[in-house]
Amino acid sequence: MNRKFVSKSNRVLRKILNSKENLDIIQDFIETFLKIKIQEIKLNPYLETKSRNLPAEENFGIADVRIKMKNEEEANIGIQFIDGYYAQNKMLLYYAQIHANQLEYEENRTIAKTITINLLDFNYLKSDDYFSRIMIPSKTENKIELYVVELPKFHHNEDNRIDKKIAWMMYLCGKSDREIQKIFEKFDKIKKLDDLLDYYWKNEVME
């Protein structure tokens, strides 16, 4: 994993990314991994507020956003890092939190399906693929939809072409400085995130 994420990964990235100025980074990440085009994206304002009142073992989540896609379909998207303890419980609990947050919206909008992207720094599923989609039947019309990204399963040959998904994976995994610099030259949202992380760690104070 990229060492800039190691110390309370969710907290650091939540503080950096949860602002209107940085929604472009979240959008780029979601579009890349879910292979969708987003027409509109908004922060759901409850993640940071709730995190202050959650016990440490439940304090997870990087981003909670509402998106409208090009086909006018809407969805709630949550992104989180998960450590090696109780991974299944944390995936389902986080999904439930993100989905239930819709009940608190002040806007008059319909309940939409929820999707979570779960980033793991350990191998968890039997699949050899580093990117997996899990669909769980639900009593509602929308199935529970989870995506799992297992960083240790990702391998990239330097001779191969680097597309945006590969670039994000290389950055998340913390590849060598030489490889990362190549990514920065081509993918500006990843470079922007790295600059924000550098600024955060240079100016971080004990709380």
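In this predicted model, Lys68 has Glu74 of strand E3 as its bridge partner. The two strands concerned, E2 (residues 63-69) and E3 (residues 74-82), run antiparallel and are joined by six bridges. Strands of a sheet pair through backbone hydrogen bonds, in either a parallel or an antiparallel sense.

The pairing of E2 with E3 belongs to an open sheet of six strands, whose order is E1-E2-E3-E4-E6-E5 and whose pairing is mixed. Strand E1 (38-43) and strand E5 (131-136) are the edge strands, each pairing on one side only. Neighbouring strands of the sheet are turned against each other by 25 degrees on average, direction ignored. Helix H4 (residues 87-100) packs on this sheet and touches E2, E3, strand E4 (113-120), E5 and strand E6 (144-150). The direction of H4 makes about 145 degrees with that of E3.

Strand E6 shows both senses of pairing. With E4, E6 pairs in the parallel sense over six bridges, and Thr116 stands opposite Leu146 in E6. With E5, E6 pairs in the antiparallel sense, again over six bridges; here Phe131 stands opposite Val149 in E6.

How many of the residues of E6 are buried? Seven of its seven residues are buried, and the strand is mostly covered. In a regular strand the side chains alternate between the two faces of the sheet. In E6, Ile144, Leu146, Val148 and Glu150 point one way, whereas Glu145, Tyr147 and Val149 point the other way. Residues of both sets are buried, including the glutamates Glu145 and Glu150.

Attention now turns to helix H6 (residues 177-186), in which Glu179, Ile180, Ile183 and Phe184 are buried. Why do the buried residues of H6 line one face of the helix? Seen down the axis of H6, they fall within an arc of 145 degrees, and therefore they line one face. An α-helix has 3.6 residues a turn, so residues three or four places apart point the same way. On the face of H6 turned away from its buried side lie Glu185 and Lys186, both of which are exposed.

Notes: Residues numbered from 1 in each chain as written. Predicted model: local features only at pLDDT ≥ 70, side-chain atom pairs only at ≥ 80, totals over all residues. Heavy atoms only, no water. Buried < 20%, exposed > 50% of the residue type's maximum accessible area, 1.4 Å probe, protein only. Helix = DSSP H or I, 4+ residues; strand = E, 2+ residues; numbered from the N terminus. Arc of directions from axis to C-beta. Pairing = 2+ DSSP bridges. Axes fitted to C-alpha atoms, helices over the stretch in contact; angles between N-to-C directions. Contact = heavy atoms within 4.5 Å.
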